[in-house]
Amino acid sequence: MEHLRRNKVCDLLKSTEYGKEVLVKGWVRTRRGNKNVQFIALNDGSIIHSIQVVIDLQQFTEEALKPVTTGSCIAVKGILVESKGQGQTVEIQGREIEVYGSADPETYPLQKKGHSLEFLREIAHLRPRTNTFGAVLRIRHAMAYAIHKYYNDNGFFYLHSPIITGSDAEGAGAMFRVTILDPKNPPLKEDGHVDFTQDFFGKETNLTVSGQLEGELGAMALGLVYTFGPTFRAENSNTPRHLAEFWMIEPEMAFYDITDNMDLAEDFLKYLMQYALDHCMDDLEFLNNMYDKELIERLKQVIANKFERLTYTKAVEILMASGQKWEFPVSWGTDLQSEHERYLVEKHFGKPVILTDYPRDIKAFYMKQNDDGKTVRGMDVLFPKIGEIIGGSQREESLEALTRRIHEMNIPEKDVWWYLDTRKFGTAPHSGFGLGFERLILFVTGMANIRDVIPFPRTPKNAEF
Ligand code: 4AD
Ligand code: MG
C-alpha cells in the first residue's frame with residue numbers, strides 16, 4: 001500500500017480524476033450500510049467534509065471490517081469515482097483497508113454526534129476530532145496566518161517579547177510567579193521575606209501579562225513592530241470571555257497618534273474578517289448552520305460599516321440617558337462593564353464602536369495624558385457579542401509627564417528605568433494596541449465561550465490537558 005502517496009480529503013473532494021487509484025488515511029466518523037454494501041465516512045482533518053468510502057462486502061470479510069469502528073484510524077486504497085449519492089460529488093470504491101488503530105465502541109467517548117460543548121471540554125484531548133472543533137481550529141490557524149501576513153505586507157517586523165519577565169509594571173492583571181525555590185523551605189532574608197536573589201534569575205520573575213513594554217522598545221528602533229505570543233493573567237475571572245492563558249497581538253508604531261492607531265485597528269480587524277470569508281467558508285457555513293445563524297452576516301456587517309468613534313465621556317452620557325437597568329451602575333469615572341459595552345454596540349449604534357479618552361484613573365500609567373488633566377488618550381474597540389476586543393492607546397512620550405505619573409501611581413522608578421530610558425534618549429510620539437486573539441476567534445467563529453476557541457483552555461482550577 002505504501003508506494004502511493006497519501007491523498008488529502010480536501011484535494012480529493014475537488015478532484016474529477018475519476019478512475020484514478022487513490023490512498024486516503026483518516027478517522028472513521030460513521031459506518032453504516034447493509035449486508036451487501038457498507039459506507040464509511042472518513043475524515044482526515046484537512047477539511048470539514050468527510051469522504052465516503054464504499055465497501056462491497058463481496059470483497060471484504062466481516063472479520064476484516066470489524067475493527068473499522070467509529071473513531072478508528074484507517075488507510076484505504078481504492079478508486080475515485082463520481083458519486084451517485086446525495087451530498088457529495090466523489091467517493092472512493094474501497095479495494096484495500098489497513099487498520100492503524102481501532103476504537104472500542106463501548107468506551108470511545110465520541111461514539112454519537114451531538115455532545116454538549118460542556119461535555120466536550122471534559123474530553124479536550126479528543127474534541128479536535130469533532131466537526132465543531134475541527135472548524136474552530138482551522139479558522140484559528142487561518143487567523144494566525146492572516147495576522148502575520150497583514151503585518152508583513154504592511155512593513156511591520158515581528159518582535160519576540162519575552163514570556164518570563166522581571167517587570168510587573170504594566171499592571172494589566174495579577175501575575176503567575178516563576179520560581180525554582182523550594183516552596184516548603186525558601187531562603188529567607190533577615191526581615192523574614194523570601195530571598196529572591198537566590199532564585200534562578202536573581203530576582204522575582206513572573207509570566208508576562210503583555211508584550212507591550214518590550215514592543216515599545218522595538219518600535220523606538222524599528223519603527224513598526226508587532227508581538228504575537230501567549231500572555232498570562234492570574235485573575236479569578238470565570239467568564240465566557242476570560243482565560244488565564246491567552247494569546248495577544250500587540251502592534252506598536254513610532255510616529256502614530258491615536259487617530260492613526262484607530263485607523264490601523266479598524267483596517268486590521270476588517271482585513272481579518274475578509275480573510276476568513278475568503279478562505280474559511282466551508283467551516284464558517286458549518287458554524288453558521290450549527291451555532292449562530294447570523295455569523296456570516298455579522299462578519300460582512302463589520303466590514304461594511306465604519307466603526308463609530310466617540311469619547312468615553314459621550315458614551316457615559318448615552319448610557320446614563322438610556323433608561324436601562326444595569327447590574328453595574330454607570331457614572332463618569334467608572335470602568336465600563338461588558339453589559340455597557342454591548343449596549344452601545346448592539347443596541348445604540350448597531351456596529352463596532354471605538355471609545356477614546358478614558359478617565360486616567362482607570363487606565364495604565366503609560367497612556368498619553370490629555371490637557372484636561374483628567375483623561376488619557378486610550379482607546380478600546382468594542383464588538384458585538386464580545387464587548388472589548390482591543391485595548392490600546394497613544395503612549396506618553398514626555399519623560400517629565402511619564403515620571404510624574406509613575407510617582408503618582410507609586411510605581412518604583414527602579415522597576416521601569418529601562419522603559420524611561422526610551423523617553424530620555426530620542427523619545428518619539430507613538431501608539432499601539434493589543435488584540436485578544438481568542439476574543440477575535442470567538443467573534444469569527446460565533447462560539448459563545450472562550451474555552452471553546454483554544455485547544456487547551458487554562459482557566460481557574462482547569463489545566464488537565
Ligand atoms: O486591554 P488589555 O489588558 O491591554 C493590554 O494588555 C495592553 N498592554 C495592550 C497594548 O496596548 N499593547 O488587553 C488587550 C486585549 C483585550 O482587549 C482583550 O481582547 C484581551 O486582550 N484580553 C483577554 N482575552 C482573554 N482573556 C483575558 N483574561 C484577557 N484579558 C485581556
Ligand atoms: Mg483593556
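Predicted model: local features only at pLDDT ≥ 70, side-chain atom pairs only at ≥ 80, totals over all residues.
I am counting a polar contact as a pair of N or O atoms within 3.5 Å.

**Entry 1: the domains.** I looked up the domain assignment, which gives domain 1 as 9-101 and domain 2 as 127-173 + 209-452. I then checked how far apart they sit, and found 45 Å between their centres, taken over C-alpha atoms. Nine residues of domain 1 and eight residues of domain 2 take part in the contact.

**Entry 2: the interface.** How much area do domain 1 and domain 2 bury between them? I noted about 640 Å², with 42% of it on carbon and sulfur atoms. On the domain 1 side, I found that W27, R29 and I48 supply 70% of the area buried against domain 2, more than any other three residues. I went looking for salt bridges across this interface and found zero. Polar contacts did turn up there: four residue pairs, both residues at pLDDT 80 or more. Sorting the domain 1 side by class, I got three nonpolar, five polar and one charged residues.

**Entry 3: the ligand.** Next I turned to ligand 1. I found 23 residues around it, and Q212, R233, E250, E388 and I389 come nearest. Which atoms of Q212 and ligand 1 lie 2.7 Å apart? They are a polar side-chain atom of Q212 and a nitrogen atom of ligand 1. For I389, a backbone N or O atom lies 2.8 Å from an oxygen atom of ligand 1. F433 also places a backbone N or O atom 3.4 Å from a nitrogen atom of ligand 1. Last, I checked the cover: ligand 1 has 620 Å² of accessible area on its own, and the protein covers 91% of it.

Methods: Residues numbered from 1 in each chain as written. Chains lettered and ligands numbered in written order. Heavy atoms only, no water. Domains from an automatic or database assignment. Contact = heavy atoms within 4.5 Å. Buried area = accessible area lost by both parts, 1.4 Å probe. Salt bridge = Lys/Arg side-chain N within 4 Å of Asp/Glu carboxyl O. Polar contact = N/O pair within 3.5 Å; in protein donor to acceptor, adjacent residues only side chain to side chain. Nonpolar A, V, L, I, M, F, W, Y, C, P; charged D, E, K, R; others polar. Near = heavy atom within 4 Å. Areas by Shrake-Rupley, 256 points an atom, 1.4 Å probe, with all protein chains shown as cover.
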